[in-house]
Amino acid sequence: MSYIKNVRSSKLSSQRSSNNDSVTLFELPTETRRSNRLQVSPTKTEDLAVKFDHDIEDAVGLSTTSSRVAPSTPVSGRKRKAETTMPDSSPKKGKAIRLALDIPHSAPDKWEETYTAIKEMRKDGGAPVDEMGCHMAAASVSDPKTKRFITLISLMLSSQTKDEVTHAAVLNLRASLGELTVEKVLAADESTISNAIGKVGFWRRKTQYIRQAAQKIQDEFEGEIPNTLEGLCSLPGVGPKMAFLTLQVAWNLNLGIGVDVHVHRITNRLKWHKVPTKDPEQTRLNLESWLPKELHEEINPLLVGFGQTICLPVGPRCDECSLSRGLCPSAYVGVKSKRQKITAKKASLSVKIEVEENLSNEEKNQQAQVHTLSDTLVKVEDNLAEENHGAGKT
(Lines give C-alpha, C1' and ligand atoms only; values in the text may rest on other atoms or scores of the structure.)
Protein backbone atom coordinates (compact mmCIF):
# COMPACT_ATOMS: atom_id res chain seq x y z
CA MET A 1 0.00 0.00 0.00
CA SER A 2 2.81 2.40 0.78
CA TYR A 3 4.12 2.02 -2.76
CA ILE A 4 0.67 2.81 -4.26
CA LYS A 5 0.35 5.91 -2.06
CA ASN A 6 3.72 7.12 -3.17
CA VAL A 7 2.77 6.56 -6.83
CA ARG A 8 -0.54 8.46 -6.44
CA SER A 9 1.14 11.40 -4.74
CA SER A 10 3.67 11.72 -7.57
CA LYS A 11 3.12 13.48 -10.87
CA LEU A 12 2.78 10.74 -13.44
CA SER A 13 3.06 11.02 -17.20
CA SER A 14 0.96 8.57 -19.22
CA GLN A 15 1.00 7.24 -22.74
CA ARG A 16 -0.64 4.41 -24.61
CA SER A 17 1.31 1.30 -25.28
CA SER A 18 2.58 1.01 -28.85
CA ASN A 19 1.88 -2.71 -28.78
CA ASN A 20 -1.65 -2.63 -27.33
CA ASP A 21 -4.04 0.32 -27.51
CA SER A 22 -6.00 -0.89 -24.49
CA VAL A 23 -2.93 -0.60 -22.24
CA THR A 24 -1.87 2.71 -20.70
CA LEU A 25 1.67 3.09 -19.48
CA PHE A 26 2.58 5.37 -16.56
CA GLU A 27 6.06 6.78 -16.07
CA LEU A 28 7.40 8.14 -12.80
CA PRO A 29 9.30 11.41 -13.03
CA THR A 30 13.06 10.98 -12.89
CA GLU A 31 14.53 12.62 -9.82
CA THR A 32 17.72 12.24 -7.89
CA ARG A 33 17.20 10.33 -4.68
CA ARG A 34 19.77 10.58 -1.94
CA SER A 35 20.88 7.23 -0.57
CA ASN A 36 21.05 6.73 3.19
CA ARG A 37 24.16 4.57 2.74
CA LEU A 38 27.56 6.02 3.48
CA GLN A 39 29.36 6.87 0.26
CA VAL A 40 33.06 6.09 0.63
CA SER A 41 35.55 7.36 -1.87
CA PRO A 42 38.56 5.18 -2.78
CA THR A 43 40.92 7.55 -0.98
CA LYS A 44 38.84 7.40 2.19
CA THR A 45 38.68 3.60 2.16
CA GLU A 46 42.29 3.36 3.28
CA ASP A 47 41.64 5.94 6.03
CA LEU A 48 38.79 3.81 7.38
CA ALA A 49 40.91 0.65 7.15
CA VAL A 50 43.73 2.22 9.12
CA LYS A 51 41.30 3.65 11.68
CA PHE A 52 39.73 0.20 12.05
CA ASP A 53 43.20 -1.28 12.63
CA HIS A 54 43.86 1.32 15.30
CA ASP A 55 40.54 0.61 17.02
CA ILE A 56 41.24 -3.14 17.05
CA GLU A 57 44.75 -2.59 18.39
CA ASP A 58 43.43 -0.39 21.19
CA ALA A 59 40.89 -3.05 22.09
CA VAL A 60 43.40 -5.88 22.36
CA GLY A 61 46.35 -3.91 23.67
CA LEU A 62 48.31 -3.77 20.42
CA SER A 63 49.68 -0.64 18.84
CA THR A 64 50.85 1.19 15.76
CA THR A 65 54.10 2.77 14.82
CA SER A 66 55.22 5.40 12.43
CA SER A 67 56.14 2.70 9.94
CA ARG A 68 52.48 2.02 9.14
CA VAL A 69 51.43 2.75 5.57
CA ALA A 70 50.10 6.28 5.16
CA PRO A 71 46.28 6.44 4.84
CA SER A 72 46.42 8.24 1.50
CA THR A 73 48.69 5.63 -0.07
CA PRO A 74 46.74 3.15 -2.22
CA VAL A 75 47.61 -0.35 -1.12
CA SER A 76 46.74 -3.61 -2.83
CA GLY A 77 44.95 -6.31 -0.86
CA ARG A 78 48.02 -8.56 -0.80
CA LYS A 79 50.36 -5.79 0.36
CA ARG A 80 47.88 -4.63 2.95
CA LYS A 81 47.73 -8.14 4.42
CA ALA A 82 51.52 -8.35 4.53
CA GLU A 83 51.71 -5.06 6.43
CA THR A 84 49.23 -6.17 9.08
CA THR A 85 50.41 -9.78 9.48
CA MET A 86 52.71 -8.88 12.38
CA PRO A 87 51.00 -6.78 15.08
CA ASP A 88 53.24 -3.95 16.16
CA SER A 89 54.86 -4.72 19.48
CA SER A 90 54.93 -1.14 20.69
CA PRO A 91 51.95 0.75 22.11
CA LYS A 92 50.28 3.40 20.02
CA LYS A 93 52.71 6.29 20.04
CA GLY A 94 51.57 9.04 22.35
CA LYS A 95 49.42 6.67 24.39
CA ALA A 96 50.41 6.61 28.06
CA ILE A 97 51.43 3.28 29.54
CA ARG A 98 49.53 2.31 32.66
CA LEU A 99 51.91 1.89 35.57
CA ALA A 100 49.68 0.60 38.37
CA LEU A 101 46.26 -0.86 39.14
CA ASP A 102 43.68 1.30 40.89
CA ILE A 103 43.06 -1.57 43.30
CA PRO A 104 46.09 -3.85 43.90
CA HIS A 105 45.72 -7.54 43.17
CA SER A 106 46.00 -9.73 46.24
CA ALA A 107 49.02 -12.03 46.57
CA PRO A 108 48.12 -15.64 45.67
CA ASP A 109 48.31 -18.39 48.27
CA LYS A 110 51.65 -20.18 48.62
CA TRP A 111 53.29 -18.00 45.98
CA GLU A 112 56.53 -17.81 47.95
CA GLU A 113 56.75 -21.59 48.24
CA THR A 114 56.04 -21.92 44.53
CA TYR A 115 58.60 -19.25 43.61
CA THR A 116 61.27 -20.92 45.74
CA ALA A 117 60.55 -24.30 44.14
CA ILE A 118 60.95 -22.83 40.65
CA LYS A 119 64.25 -21.22 41.65
CA GLU A 120 65.43 -24.59 42.94
CA MET A 121 64.57 -26.26 39.63
CA ARG A 122 66.33 -23.46 37.73
CA LYS A 123 69.47 -23.22 39.87
CA ASP A 124 71.63 -25.15 37.40
CA GLY A 125 70.55 -23.09 34.39
CA GLY A 126 70.57 -24.99 31.12
CA ALA A 127 67.80 -23.01 29.39
CA PRO A 128 68.40 -21.12 26.12
CA VAL A 129 67.70 -17.81 27.86
CA ASP A 130 70.61 -18.41 30.24
CA GLU A 131 73.17 -18.62 27.44
CA MET A 132 71.53 -16.64 24.64
CA GLY A 133 69.22 -14.11 26.31
CA CYS A 134 69.41 -10.36 25.68
CA HIS A 135 71.94 -9.95 28.51
CA MET A 136 74.39 -12.11 26.55
CA ALA A 137 74.03 -10.33 23.20
CA ALA A 138 76.77 -7.82 23.97
CA ALA A 139 78.68 -9.72 26.64
CA SER A 140 81.98 -9.33 24.75
CA VAL A 141 81.53 -5.60 24.01
CA SER A 142 83.44 -3.12 26.15
CA ASP A 143 81.95 0.19 24.97
CA PRO A 144 78.89 0.93 27.18
CA LYS A 145 77.03 2.91 24.52
CA THR A 146 77.41 0.17 21.92
CA LYS A 147 76.52 -2.46 24.49
CA ARG A 148 73.24 -0.71 25.29
CA PHE A 149 72.30 -0.38 21.62
CA ILE A 150 73.03 -4.06 20.96
CA THR A 151 70.83 -5.01 23.94
CA LEU A 152 67.96 -2.97 22.51
CA ILE A 153 68.32 -4.48 19.03
CA SER A 154 68.47 -7.99 20.50
CA LEU A 155 65.16 -7.42 22.26
CA MET A 156 63.60 -5.96 19.11
CA LEU A 157 64.58 -9.09 17.20
CA SER A 158 63.37 -11.45 19.93
CA SER A 159 59.66 -10.98 19.31
CA GLN A 160 58.08 -14.21 17.95
CA THR A 161 61.57 -15.74 17.75
CA LYS A 162 63.47 -18.34 19.79
CA ASP A 163 66.50 -17.20 21.76
CA GLU A 164 68.85 -19.35 19.70
CA VAL A 165 67.74 -17.72 16.45
CA THR A 166 67.80 -14.21 17.94
CA HIS A 167 71.30 -14.65 19.33
CA ALA A 168 72.60 -15.92 15.97
CA ALA A 169 70.94 -12.99 14.17
CA VAL A 170 72.61 -10.45 16.46
CA LEU A 171 76.01 -12.05 15.84
CA ASN A 172 75.36 -12.04 12.07
CA LEU A 173 74.32 -8.40 12.16
CA ARG A 174 77.40 -7.38 14.13
CA ALA A 175 79.63 -9.23 11.68
CA SER A 176 77.87 -7.82 8.62
CA LEU A 177 78.07 -4.20 9.82
CA GLY A 178 81.49 -4.39 11.40
CA GLU A 179 79.79 -3.62 14.71
CA LEU A 180 76.21 -2.95 15.72
CA THR A 181 76.01 0.80 16.35
CA VAL A 182 73.56 3.54 15.43
CA GLU A 183 75.96 4.96 12.85
CA LYS A 184 76.62 1.57 11.24
CA VAL A 185 72.90 0.82 10.93
CA LEU A 186 72.17 4.19 9.30
CA ALA A 187 75.04 3.73 6.84
CA ALA A 188 74.07 0.18 5.86
CA ASP A 189 71.82 -0.86 3.00
CA GLU A 190 68.46 -2.33 3.97
CA SER A 191 69.37 -5.57 2.21
CA THR A 192 72.48 -5.95 4.38
CA ILE A 193 70.37 -5.84 7.54
CA SER A 194 67.69 -8.10 6.08
CA ASN A 195 70.18 -10.75 5.01
CA ALA A 196 71.74 -10.79 8.48
CA ILE A 197 68.46 -11.20 10.38
CA GLY A 198 66.57 -13.22 7.76
CA LYS A 199 65.89 -16.18 10.07
CA VAL A 200 64.04 -14.24 12.79
CA GLY A 201 60.27 -13.95 12.73
CA PHE A 202 58.87 -11.03 10.68
CA TRP A 203 62.35 -9.99 9.57
CA ARG A 204 61.07 -7.53 6.96
CA ARG A 205 59.16 -5.47 9.49
CA LYS A 206 62.01 -5.70 11.97
CA THR A 207 64.45 -4.43 9.36
CA GLN A 208 62.28 -1.32 9.01
CA TYR A 209 61.97 -0.96 12.78
CA ILE A 210 65.74 -1.17 13.30
CA ARG A 211 66.46 1.52 10.72
CA GLN A 212 63.68 3.80 11.94
CA ALA A 213 64.65 3.34 15.59
CA ALA A 214 68.29 4.12 14.79
CA GLN A 215 67.28 7.28 12.95
CA LYS A 216 65.08 8.43 15.82
CA ILE A 217 67.84 7.72 18.35
CA GLN A 218 70.26 9.74 16.25
CA ASP A 219 67.87 12.67 15.70
CA GLU A 220 66.12 12.93 19.07
CA PHE A 221 68.36 11.24 21.64
CA GLU A 222 71.85 12.28 20.51
CA GLY A 223 72.80 8.79 19.38
CA GLU A 224 72.12 7.12 22.76
CA ILE A 225 69.19 4.80 23.49
CA PRO A 226 66.62 6.42 25.83
CA ASN A 227 66.80 5.67 29.55
CA THR A 228 63.09 6.24 30.20
CA LEU A 229 60.05 4.07 29.61
CA GLU A 230 58.36 6.76 27.53
CA GLY A 231 61.45 7.35 25.41
CA LEU A 232 61.97 3.67 24.64
CA CYS A 233 58.31 3.09 23.81
CA SER A 234 58.43 6.02 21.39
CA LEU A 235 60.77 3.98 19.19
CA PRO A 236 59.19 1.95 16.35
CA GLY A 237 58.81 -1.71 17.26
CA VAL A 238 59.40 -1.25 21.00
CA GLY A 239 56.67 -2.05 23.53
CA PRO A 240 56.49 -2.17 27.35
CA LYS A 241 58.09 -5.62 27.69
CA MET A 242 61.11 -4.65 25.62
CA ALA A 243 61.33 -1.27 27.34
CA PHE A 244 61.34 -2.69 30.87
CA LEU A 245 63.93 -5.34 29.97
CA THR A 246 66.12 -2.76 28.19
CA LEU A 247 66.03 -0.52 31.25
CA GLN A 248 67.00 -3.43 33.49
CA VAL A 249 69.78 -4.89 31.33
CA ALA A 250 71.16 -1.79 29.60
CA TRP A 251 70.64 0.91 32.24
CA ASN A 252 70.36 -1.15 35.45
CA LEU A 253 67.00 0.47 36.20
CA ASN A 254 64.34 -1.75 37.76
CA LEU A 255 61.13 0.08 36.83
CA GLY A 256 58.80 -2.82 36.01
CA ILE A 257 58.38 -6.45 34.98
CA GLY A 258 59.07 -7.59 31.46
CA VAL A 259 56.20 -9.97 30.72
CA ASP A 260 56.53 -12.21 27.69
CA VAL A 261 54.53 -15.27 26.60
CA HIS A 262 56.27 -17.55 29.13
CA VAL A 263 55.58 -15.29 32.13
CA HIS A 264 52.02 -14.74 30.93
CA ARG A 265 51.35 -18.47 30.39
CA ILE A 266 52.99 -19.80 33.56
CA THR A 267 51.43 -17.30 35.99
CA ASN A 268 48.02 -18.14 34.56
CA ARG A 269 48.68 -21.88 34.88
CA LEU A 270 49.61 -21.29 38.51
CA LYS A 271 46.32 -19.36 38.99
CA TRP A 272 48.18 -16.33 40.28
CA HIS A 273 45.44 -14.13 38.81
CA LYS A 274 41.94 -14.21 40.31
CA VAL A 275 40.56 -13.70 36.83
CA PRO A 276 42.77 -15.14 34.06
CA THR A 277 44.55 -12.32 32.27
CA LYS A 278 44.03 -11.90 28.55
CA ASP A 279 47.27 -10.16 27.59
CA PRO A 280 50.80 -9.57 28.95
CA GLU A 281 50.00 -6.01 30.07
CA GLN A 282 47.23 -7.20 32.39
CA THR A 283 49.60 -9.84 33.71
CA ARG A 284 52.30 -7.23 34.34
CA LEU A 285 49.99 -4.89 36.26
CA ASN A 286 48.72 -7.74 38.44
CA LEU A 287 52.21 -9.03 39.25
CA GLU A 288 53.67 -5.59 39.96
CA SER A 289 50.88 -4.86 42.44
CA TRP A 290 51.85 -7.66 44.86
CA LEU A 291 55.24 -9.17 43.91
CA PRO A 292 58.08 -7.58 45.92
CA LYS A 293 59.97 -5.03 43.82
CA GLU A 294 63.31 -6.76 44.32
CA LEU A 295 61.93 -9.73 42.34
CA HIS A 296 60.68 -7.68 39.39
CA GLU A 297 63.94 -8.01 37.49
CA GLU A 298 64.67 -11.70 38.03
CA ILE A 299 61.19 -13.10 37.46
CA ASN A 300 61.43 -12.78 33.67
CA PRO A 301 64.55 -14.92 33.07
CA LEU A 302 63.43 -17.25 35.88
CA LEU A 303 60.05 -18.06 34.31
CA VAL A 304 61.29 -17.87 30.72
CA GLY A 305 63.88 -20.57 31.43
CA PHE A 306 61.29 -22.60 33.34
CA GLY A 307 58.94 -22.33 30.37
CA GLN A 308 61.65 -23.35 27.92
CA THR A 309 62.69 -26.49 29.80
CA ILE A 310 59.80 -27.81 31.94
CA CYS A 311 56.54 -25.84 31.71
CA LEU A 312 56.39 -26.06 27.93
CA PRO A 313 53.54 -24.43 25.97
CA VAL A 314 52.48 -27.84 24.61
CA GLY A 315 53.15 -31.06 26.52
CA PRO A 316 54.43 -29.59 29.79
CA ARG A 317 56.72 -31.98 31.66
CA CYS A 318 54.67 -32.10 34.82
CA ASP A 319 56.23 -35.44 35.77
CA GLU A 320 59.60 -33.65 36.07
CA CYS A 321 58.18 -30.62 37.93
CA SER A 322 58.13 -30.42 41.72
CA LEU A 323 55.14 -28.05 41.54
CA SER A 324 52.94 -30.95 40.42
CA ARG A 325 52.95 -32.24 44.00
CA GLY A 326 50.33 -29.84 45.33
CA LEU A 327 51.54 -26.39 44.24
CA CYS A 328 50.34 -26.20 40.63
CA PRO A 329 46.57 -26.43 40.07
CA SER A 330 47.14 -27.08 36.36
CA ALA A 331 49.52 -30.01 36.79
CA TYR A 332 48.92 -33.18 34.79
CA VAL A 333 49.99 -35.58 37.51
CA GLY A 334 50.95 -39.05 36.27
CA VAL A 335 51.17 -38.08 32.61
CA LYS A 336 54.65 -38.91 31.36
CA SER A 337 56.37 -36.92 28.71
CA LYS A 338 56.86 -38.49 25.27
CA ARG A 339 60.59 -38.79 25.92
CA GLN A 340 60.05 -40.78 29.12
CA LYS A 341 57.54 -43.09 27.45
CA ILE A 342 60.07 -43.95 24.76
CA THR A 343 62.76 -44.51 27.38
CA ALA A 344 60.49 -46.81 29.40
CA LYS A 345 59.58 -48.81 26.29
CA LYS A 346 63.23 -49.26 25.38
CA ALA A 347 64.04 -50.34 28.94
CA SER A 348 61.24 -52.93 28.93
CA LEU A 349 62.44 -54.32 25.60
CA SER A 350 66.04 -54.57 26.77
CA VAL A 351 64.96 -56.48 29.92
CA LYS A 352 63.00 -58.93 27.82
CA ILE A 353 65.96 -59.52 25.50
CA GLU A 354 68.30 -59.95 28.46
CA VAL A 355 66.01 -62.54 30.07
CA GLU A 356 65.82 -64.53 26.84
CA GLU A 357 69.58 -64.46 26.42
CA ASN A 358 70.11 -65.82 29.94
CA LEU A 359 67.94 -68.89 29.31
CA SER A 360 69.83 -72.18 28.95
CA ASN A 361 69.45 -74.30 25.84
CA GLU A 362 67.30 -76.82 27.73
CA GLU A 363 64.98 -74.05 28.96
CA LYS A 364 64.72 -72.66 25.42
CA ASN A 365 63.79 -76.13 24.12
CA GLN A 366 61.14 -76.52 26.81
CA GLN A 367 59.77 -73.08 25.96
CA ALA A 368 59.61 -74.04 22.26
CA GLN A 369 57.77 -77.28 23.09
CA VAL A 370 55.22 -75.35 25.14
CA HIS A 371 54.58 -72.98 22.22
CA THR A 372 54.21 -75.94 19.84
CA LEU A 373 51.80 -77.75 22.17
CA SER A 374 49.77 -74.56 22.57
CA ASP A 375 49.47 -74.16 18.80
CA THR A 376 48.39 -77.84 18.48
CA LEU A 377 45.64 -77.42 21.09
CA VAL A 378 44.31 -74.38 19.27
CA LYS A 379 44.11 -76.32 16.01
CA VAL A 380 42.33 -79.25 17.74
CA GLU A 381 39.77 -76.88 19.24
CA ASP A 382 39.16 -75.30 15.83
CA ASN A 383 38.63 -78.73 14.23
CA LEU A 384 36.17 -79.79 16.94
CA ALA A 385 34.26 -76.57 16.53
CA GLU A 386 33.96 -77.13 12.76
CA GLU A 387 32.77 -80.75 13.24
CA ASN A 388 30.11 -79.72 15.78
CA HIS A 389 28.95 -76.96 13.45
CA GLY A 390 28.65 -79.44 10.56
CA ALA A 391 26.75 -81.97 12.69
CA GLY A 392 24.30 -79.30 13.72
CA LYS A 393 23.49 -78.54 10.07
CA THR A 394 22.72 -82.21 9.26
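**Close-up views of a predicted model**

**View 1. Helix H14 and the helices it packs against.** The buried residues of H14 pack against helix H4 (111-121), helix H12 (240-251) and H13; like everything shown in these views, this packing is taken from a predicted model. H14 spans residues 280-290, and its buried residues are Thr283, Arg284, Leu285, Asn286, Leu287, Glu288 and Trp290.

**View 2. Threonine 283 within helix H14.** Threonine 283 has a relative accessibility of 0% and therefore counts as buried, the cut-off being under 20%. When residues up to four places away in sequence are not counted, threonine 283 touches Val259, Val263, His264, Thr267, Asn268, His273 and Thr277.

**View 3. The loop between H13 and H14, with lysine 271 and proline 276.** Lysine 271 has a phi near 60°, which is a positive value in a residue other than glycine. For comparison, most residues other than glycine have a negative phi. Lysine 271 is exposed, with a relative accessible area of 51%, and proline 276, at 56% relative accessibility, also counts as exposed. The C-alpha atom of proline 276 is separated by 9.8 Å from that of histidine 264, and these two residues are twelve residues apart along the chain.

**View 4. The packing of helix H13 on helix H15.** Two packed helices are described by the angle between their axes and the distance between the axes. For H13 (residues 261-269) and H15 (residues 299-309), the angle is about 80° and the axes are 8 Å apart. Because angles of 65 to 115 degrees count as roughly perpendicular, H13 and H15 are roughly perpendicular to each other. On the H13 side the contact is made by His262, Val263, Arg265, Ile266 and Thr267, while H15 contributes Ile299, Asn300, Leu303, Val304, Phe306, Gly307 and Gln308. Sorted by class, the residues in this contact of H13 with H15 are six nonpolar, five polar and one charged.

**View 5. Glutamate 222 in the loop between helix H10 (203-220) and helix H11 (229-233).** The backbone of glutamate 222 has a phi near 55°, a positive value in a residue other than glycine. Glutamate 222 is exposed, since its relative accessible area is 76% and the cut-off for exposed is over 50%.

**View 6. Threonine 151 in helix H6 (residues 144-158).** Threonine 151 is buried, with a relative accessible area of 4%. Leaving aside its neighbours within four places in sequence, threonine 151 is in contact with Cys134, Val249 and Ala250.

**View 7. The protein chain as the setting for the close-ups.** The secondary structure of the protein chain comes to 17 helices and two strands, and 37% of its 394 residues are buried. Among the contacts in the protein chain with a separation of 6 or more, 63% are accounted for by residues 24 or more positions apart. The protein chain exposes about 24,800 Å², of which carbon and sulfur atoms supply 53%.

Terms used: Residues numbered from 1 in each chain as written. Predicted model: local features only at pLDDT ≥ 70, side-chain atom pairs only at ≥ 80, totals over all residues. Heavy atoms only, no water. Axes fitted to C-alpha atoms, helices over the stretch in contact; angles between N-to-C directions. Helix = DSSP H or I, 4+ residues; strand = E, 2+ residues; numbered from the N terminus. Parallel < 35°, antiparallel > 145°, perpendicular 65-115°, else oblique. Contact = heavy atoms within 4.5 Å. Nonpolar A, V, L, I, M, F, W, Y, C, P; charged D, E, K, R; others polar. Buried < 20%, exposed > 50% of the residue type's maximum accessible area, 1.4 Å probe, protein only. Areas by Shrake-Rupley, 256 points an atom, 1.4 Å probe, with all protein chains shown as cover.
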